[in-house]
Amino acid sequence: VMGAGTAEMTWIAGLRFRLGEIIERRLEDVERALAVFVQAAADAPSDLPIAQATIRVGARAKRWDAAAGALVSASRALGRMPDELPGTVEEFVVGPEPWDGMTRALGAGLEQATDLLPSVSRDLEARLGVWHRDRRGDPDLAEAAFARALARDTENAELLSSLAQIQRRAKGRPLIDSLLRLSRATGGDLDLLREAAEIATTTVRDRGLAKSILESLHAMAKQRWLAQEPAMSSRRLEALESTVVTVGAPVPCAPLVDWAMRELVQIYESEENPEGMLAVLVETSKLPFDRVDSRAMVHQAARIARDMLDDAERAILLYLSLFEADSSDEEAVSALTTLYEKLGKRAELLALERRRVQDASSSARRIELRLSAARIERSLGDVAAAASTLRENLSESPRHSESARELARLFEETARFGELVDL
C-alpha cells in the first residue's frame with residue numbers, strides 16, 4: 001500500500017472494513033477484527049462507519065485505548081466531533097469498569113492530542129466531562145474536564161452552566177467565577193449574579209467581592225426595570241410575564257433591586273460607611289416601587305443622615321420630601337419639628353404647621369394645629385399673625401375655649417385692651 005493515493009487508500013480501507021466485519025461476525029475473533037479495523041481507520045480516519053466499528057469492537061475487546069483513539073482520530077480528521085461516535089460509545093460501553101477504562105483512555109488521548117482544533121478539543125473534553133459526571137459519578141474529574149473545555153471557549157454558556165452545576169457542591173470561589181462568567185455569556189443573567197453575591201456573602205465571606213457583585217446587580221436590575229416601563233409600580237411589575245432573561249425561571253427586576261440594595265446597606269454599615277448607605281437608599285427610592293416601599297427607603301436614609309452622619313440639613317431635606325408628598329406622615333412631622341427646634345428654625349417650623357392646617361381632614365385637627373402655629377408666630381414676635389390665626393379658630397368654632405383663652409392672654413400681654421373687651 002506504500003505510495004497509494006487517497007482513492008486507493010479509501011478503497012483499501014473499505015476492503016479492510018469488510019474483512020474486519022467477517023472476522024468479527026463469522027470467526028468471532030474480536031482481537032483480530034479490532035486490529036483490522038484500527039488499520040482501516042488509519043487508512044481512512046474520516047470514515048464514520050469504520051470509526052464506529054473500531055469503537056464497537058474496541059469495547060467488546062476492552063481495548064479502551066483503541067476505542068478512544070478512534071473517537072479522537074475521526075474528530076481530528078473531520079474537524080468536528082460527530083454526534084454518531086459518542087452515541088456509539090454510549091451504546092457499547094456498559095458498566096462501571098468499562099466506563100472507568102474508556103474515560104481514562106480518552107483523557108490520556110486528549111492529553112497527547114495537542115494538534116486538535118480548539119473547537120474539537122472543547123467538544124471532546126466536554127463529552128468526557130459529561131461521562132465522568134453521568135456515567136461514573138465523579139464530579140471532581142467532571143469539573144476538571146469541563147474546565148479544560150472552557151479553556152478552549154471561555155464564554156461558552158452551556159459549558160459554564162455544566163461547570164457551575166457541579167461546583168454548587170462546594171459553593172466556593174470557583175463557583176462564583178463560573179456564575180459571573182455564565183451571567184456575562186448569557187447577556188447578564190441577574191439571578192446568577194444574585195447567587196454569586198449570596199455565596200460571596202455567606203460562604204466565602206469576602207465582603208469586597210460581594211459588594212462588587214451587588215453593585216453590578218443593583219445597577220443592571222435598575223437599568224432593565226426602567227427600560228421595561230419607567231412609570232410602572234413594583235407590584236404591577238412583579239405580576240408581569242415579561243421579566244429579565246435568565247438561564248432558569250424568569251426573575252422580576254423589582255425584588256432583585258430591593259434585595260441588592262438591602263445587602264449593600266448592610267455591607268456599607270459594616271464598613272462604617274453611612275454615606276454609602278444613604279446614597280443607595282436614596283437612589284433606589286427614586287425607582288417606581290410601590291409608594292409605601294419608596295417612602296420607607298427615604299425614611300431610613302433620613303435617619304442615617306440625622307443619627308449616623310449628624311447632618312441635620314440633609315435629614316431635613318429628606319424628611320421634607322416625605323412631608324411634602326404626604327403631610328399626614330407623623331414620623332416625618334415629628335422628626336422635622338425636632339430638627340427645626342434644635343436648629344432654631346422657627347420660620348420653617350411655622351411653615352410646616354401652616355401646611356398641616358391646610359391638609360387637616362377634621363375641624364378639631366385644624367384647630368389644634370392653628371394653636372401650635374399661633375404659639376410659633378408669637379415666639380417670632382408676629383402678634384398680629386398669631387391673633388389672626390387664633391381668630392380663625394374661633395371663626396370655625398366660636399366656643400373653643402382654649403383658643404379664646406390664648407387670644408385673651410395675647411391681647412392682655414400686648415395691652416390691646418379694646419380688642420380684649422370686644423372678645
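A helix here is a DSSP run of H or I at least four residues long, numbered from the N terminus. By that rule, S183 sits in helix α10, which covers residues 173-185. The model is a predicted one.

Start with the whole chain. It holds 23 helices and zero strands. The chain has 423 residues, and 45% of them count as buried. Now take the contacts with a separation of 6 or more. Residues 24 or more positions apart account for 53% of these.

Return to S183. Its relative accessible area is 3%, so S183 is buried. Leave aside residues up to four places away in sequence. S183 then touches G188, D189, L192 and L193.

Next, go to helix α1, residues 6-27. E24 lies in this helix. Is E24 buried or exposed? Its relative accessibility is 6%, and the limit for buried is under 20%, so E24 counts as buried. Which residues does E24 touch, not counting those up to four places away in sequence? They are D29, A33, F37, R56, V57 and R60.

F37 leads on to the aromatic rings. The chain has three aromatic pairs. One of them joins F17 and F37, with ring centres 5.9 Å apart. Their planes stand at 50°, so this pair is tilted. F17 belongs to helix α1 and F37 to helix α2. The two are 20 residues apart, and the pair links distant parts of the chain. Both F17 and F37 are buried.

W99 and W131 form another aromatic pair. Their rings are 5.3 Å apart, centre to centre. The angle between the planes is 50°, and this pair is tilted as well. W99 lies in helix α6, residues 96-112, while W131 lies in helix α7, residues 118-134. The pair therefore ties together parts that are 32 residues apart in sequence. W99 is buried, and W131 is buried too.

A51 is 13 residues from V38 in sequence, and their C-alpha atoms are 8.3 Å apart in space.

Finally, look at two helices packed together. Such a pair is described by the angle between the axes and the distance between them. Here the pair is α12, residues 207-228, and α14, residues 253-270. They pack at an angle of about 150°, and their axes are 8 Å apart. Angles over 145 degrees count as roughly antiparallel, so α12 is roughly antiparallel to α14. Their crossing is left-handed.

Which residues of α12 and α14 meet? On the α12 side they include R207, L214, L217, A221 and W225. On the α14 side they include C253, L256, W259, L264 and I267. What kinds of residue make up this contact? It divides into 15 nonpolar, three polar and six charged residues.

Note on methods
Residues are numbered from 1 along each chain as its sequence is written. This is a predicted model: local features need pLDDT of at least 70, side-chain atom pairs count only at pLDDT 80 or more; totals for chains, interfaces and linings use all residues. Side-chain values use heavy atoms; hydrogens and water are left out. Axes are lines fitted to C-alpha atoms, for helices over the stretch in contact, and angles run from 0 to 180 degrees between N-to-C directions. Angles under 35 degrees count as roughly parallel, over 145 as roughly antiparallel, 65 to 115 as roughly perpendicular and the rest as oblique. A crossing is left-handed if the near helix is turned anticlockwise from the far one by less than a right angle, and right-handed if clockwise. Contact means heavy atoms within 4.5 Å. Ala, Val, Leu, Ile, Met, Phe, Trp, Tyr, Cys and Pro count as nonpolar, Asp, Glu, Lys and Arg as charged, and the others, Gly among them, as polar. Buried means under 20% relative accessible area, exposed over 50%, partly exposed in between (1.4 Å probe, protein chains only). Rings of Phe, Tyr and Trp (its six-membered ring) pair if their centres lie within 6.5 Å; planes under 30 degrees apart count as stacked, over 60 as edge-to-face and the rest as tilted.
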